[in-house]
Amino acid sequence: MVARVIPVDDFDLVIFGGTGDLARRKILPGLYRRFWSEQMPPAARIIGAARTDQDSDAWRAFVREAIEEFVSPAKRVPETVEAFLDCLSYVPIDAMGTDGWADLRALMRPEAVQAFYFSVAPSLFGPIAERLKDNAIARDDARIVVEKPFGRDLETAKALNATLATHFDEAQIYRIDHYLGKETVQNLMAVRFANMLFEPLWNAQYIDHVQITVAETVGVGGRGSYYDKSGAMRDMVQNHLMQLLCLTAMEPPAHFEPNAVRDEKLKVIRALDPVEPGDIVRGQYQAGADGASYLDDVEDSASRTESFVAMKLHISNWRWNGTPFYLRTGKRMKSRMSEIVIQFKEPPHNIFTEAVSPRCNILTIRLQPDEGIDLRMTIKEPGPGGMRLVEVPMDMTFAEALGPEVADIPDAYERLIMDVIRGNQTLFMRGDEVEAAWGWTDPIIAGWTRSEHVPLPYEPGTAGPEDALILLYRDGRRWREISA
């Protein structure tokens, strides 16, 4: 089976912050891979814009090094690399001043799709948006891509949305969350809404509970100054885990269309109950044999910022009444793993003896490291000797099920940037969705601040604080093990 690659229209993509780390690691290598796959038209133009005073040749050398570091050797075809580099230009620009904007305007083509990627600090979103309009660079059909964080609370999120809305319509704004670009996240919608097998069972009558885990083995590292002002709640739960929760719990949209999907996601956020203090566990990693403690990684030696959070949520609607959702995320954990686990209820009546009781069916959607879907089923163990039940996996690891061509899955950024060019906002967050998420998150964080709550210590290379395990044990449940 060979994957179909659908080319996009000719475009001009301007990357503000084109010399930054995100551009080097993700955006530029991802664009090269789309060019290598012949999805990007040869006439497309990618324009780097940053305060670094250099010419286009110097930026091409920077991009060449990024390709050599972050693209597999099999795709680094010399002729293709040179053709891609020919698509690149660079403009030194002052985001807060007047320098460079006339040069940028001169490079833009009137017939090409216009996209502007704001790979910069949020404080520069407003000034860049204003100058794009004041200098008659961005057309009325231009698209802008903005990176998180989308504020640090409801107040700042509203202010940021208002600033962008001054210059661009909501239909032009693409708030990117790379988790939504993952193949398996999109497959979650296909599994639910394209298979009669699952959707009739996707409710409180048949599902016992849902677990969503995003575990990382790394600490905060060089991001200490940023992370200590954010923490796991702001950095991961408010956006990444919230999006996974919404896609798992939302009602079927009338159509697979951007606003229809985002309307249903918004309804999930608005249906979330406030979380009781006893249903949240915060943690902070300690020093280990292979790394420093959280307090060593940040400037504040008395910091109460969490590097781990686990919580139990309830959604107040008919579909999910009584079904808990358990979320957890943390740094310096046992392994790098992101997954959604749907645990179904036990059969209402066991016809077998207690010794051969069937186990619950479990559907696991793996986001990383090995993207795929696994369904645990109970069958009779083959052989004579009576009825013996055994649990077996029905495993659809993409690399094994679909072959290497299809399983060579594009990076999330590749997919999302191409969706921007197509004008498809399905996998991007809408302004009211971001504000609703902050509206739910803010009271939790405010409660921690008022109570001066101290995160619990946990050992690196574990599943987090013991209290996170108790969060499920007290309900007669247990977390799916984070394997090494």
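Which strands and helices do the buried residues of helix 14 pack against? This tour of a predicted model begins with that element.

**First stop: helix 14.** Select residues 412-422, which form helix 14. Of its 11 residues, 10 are buried; among them are Tyr413, Leu416, Met418 and Ile421. Now display the surroundings of the helix. The buried residues pack against strand 1 (11-16), strand 4 (113-118), strand 5 (143-147) and strand 6 (173-176), and also against helix 1 (21-36) and helix 7 (183-193).

Next, inspect the two ends. At the N-terminal end, select aspartate 411, which caps helix 14. One of its side-chain oxygens lies 2.9 Å from the backbone nitrogen of tyrosine 413. Then move to glycine 423, just after the helix, where phi is positive at about 80°.

**Second stop: helices 9 and 10.** Select residues 231-249 for helix 9 and residues 258-271 for helix 10. Their axes are 9 Å apart and the packing angle is about 105°. Since angles of 65 to 115 degrees count as roughly perpendicular, the two helices are therefore described in that way. To see the contact, show Met242, Gln243, Cys246, Leu247 and Ala249 of helix 9 together with Lys265, Val268 and Ile269 of helix 10. By class, this contact comprises 6 nonpolar, 1 polar and 1 charged residues.

Finally, select threonine 213 in strand 7 (residues 207-215). Is this residue buried or exposed? Threonine 213 counts as buried because its relative accessibility is 2%. Its side chain makes a polar contact of 2.8 Å with the side chain of arginine 328. Other residues that threonine 213 touches include Met337, Glu339 and Trp479.

Definitions and conventions
Residues are numbered from 1 along each chain as its sequence is written. This is a predicted model: local features need pLDDT of at least 70, side-chain atom pairs count only at pLDDT 80 or more; totals for chains, interfaces and linings use all residues. Side-chain values use heavy atoms; hydrogens and water are left out. Buried means under 20% relative accessible area, exposed over 50%, partly exposed in between (1.4 Å probe, protein chains only). Helices (H or I, at least four residues) and strands (E, at least two) are DSSP runs, numbered from the N terminus. Contact means heavy atoms within 4.5 Å. A polar contact is a pair of N or O atoms within 3.5 Å; within protein, one must be able to donate a hydrogen and the other to accept it, and residues adjacent in sequence count only if both atoms are side-chain atoms. Axes are lines fitted to C-alpha atoms, for helices over the stretch in contact, and angles run from 0 to 180 degrees between N-to-C directions. Angles under 35 degrees count as roughly parallel, over 145 as roughly antiparallel, 65 to 115 as roughly perpendicular and the rest as oblique. Ala, Val, Leu, Ile, Met, Phe, Trp, Tyr, Cys and Pro count as nonpolar, Asp, Glu, Lys and Arg as charged, and the others, Gly among them, as polar. Lists of a residue's contacts leave out its neighbours within four places in sequence.
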